[in-house]
There are 2 protein chains.
Amino acid sequence: MSSLDPAVIALLKDPTMLIPAVIQDSKTNEVLMLAYMNTESLALTLSTGKATYWSRSRNELWVKGATSGHFQKVISVALDCDGDALLLHVEQTGVTCHTGERTCFHTPIALGK
Amino acid sequence: MSSLDPAVIALLKDPTMLIPAVIQDSKTNEVLMLAYMNTESLALTLSTGKATYWSRSRNELWVKGATSGHFQKVISVALDCDGDALLLHVEQTGVTCHTGERTCFHTPIALGK
C-alpha cells in the first residue's frame, strides 16, 4: 500500500473523505472527466505519474487506462483553497470517455428554461 | 422554489444527491473552482444564467458573487456520461477565489514523491 506524504495530508480538509478530482487536458485545456481519489490513489498518482482514482462503483483503486489502454500521464496536480478538490493536468492517451467521446462532458443542457 | 425541467432530471443519475460542478472560464479555459449543485440550484442556474450553487457549509442556496460581486455568467452547461457531474463555462466577474486568486486551484502538489 502506497501512503501519502504527511505534508500533503496536512493540506487536505479531511483525509478520510473521497476527494473529487477534475481532469483537464494539458494541451487543449479541455475538461475531460471528474473522478474521485482517496489518499492512497493520490499517493500512487504522485509517485507513478499515472492518474489513479478510487472507483466508487467497484470499490477499488483504478489506474485510468488499465483496461482500455487510455492512460493519463500526469503533468501537474493542484489542490483548491478549501483542501477538498483536486485539479490534474494530464496528457491523455486516446480518448477519456468509455463511450468513445474525447471528454465525458458531452451532454449539453440548454440554458433559459 | 425553482424546479428543474423533468427532461433534465431524467438525465441525472440521482436527483436527490448533490452534484459536483466544475467551473471553467469560457475565455481562458482555466478551471476556476469546484462547487456543488442540487436540482434547485441547477434550475436557477439554467433559468437566471447566474451560477448558483448549494453551499454545503451554510446549507443554503448560494448565488456566486451575491456578497463579493464576483458573479459568474453562465455560457454553457454540460453533464457527464454518468449523469453525476456538471461542467459550466462561465464569464467570471473579478476573481473566483475568496483569497483573491483568480482560481481556487492555486496550491500545487509536487509529483514524484
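Which strand of chain B is joined to strand 5 of chain A, and in which sense do the two run?

Analyst: This is a predicted model, in which local features need pLDDT of at least 70 and side-chain atom pairs count only at pLDDT 80 or more, while totals for chains, interfaces and linings use all residues. Residues are numbered from 1 along each chain as its sequence is written, chains are lettered from A and ligands numbered from 1 in the order in which they are written, and side-chain values use heavy atoms, with hydrogens and water left out.

Strand 5 of chain A is joined by 3 bridges to strand 7 (residues 107–109) of chain B, and the two run antiparallel. Strands here are DSSP runs of E with at least two residues, helices are runs of H or I with at least four, and both are numbered from the N terminus; two strands pair if DSSP finds at least two bridges between them. Within this pairing, A:Val77 has B:Ile109 as its bridge partner.

The wider contact (heavy atoms within 4.5 Å) takes 42 residues from chain A and 42 residues from chain B. The area buried between the chains is about 3,200 Å², with carbon and sulfur atoms giving 68% of it; buried area is the accessible area (1.4 Å probe) that two parts lose on being put together, summed over both. Of the area that chain A buries against chain B, 22% is supplied by A:Phe105, A:Ile109 and A:Leu111, more than by any other three residues.

B:Arg56 forms a salt bridge with A:Asp84, their closest N and O atoms being 3.2 Å apart.

Several elements of chain A each supply at least two residues of the side that touches chain B, among them strand 1 (19–25), helix 2 (39–48) and strand 7 (107–109). Strand 5 of chain A gives the largest share, 6 residues.

As for symmetry, chain A can be laid on chain B with an RMSD of 0.0 Å by a turn of 180° and a shift of 0.0 Å along the axis, the copies being superposed by least squares on the C-alpha atoms of residues with pLDDT of at least 70 in both. That is the relation of a two-fold axis. In chain A, the C-alpha of A:Asn29 is the nearest to the axis, at 3.0 Å. The same surface serves both copies, as 100% of the contact residues of chain A recur in chain B.

How values were computed. A salt bridge is a side-chain nitrogen of Lys or Arg within 4 Å of a carboxyl oxygen of Asp or Glu.
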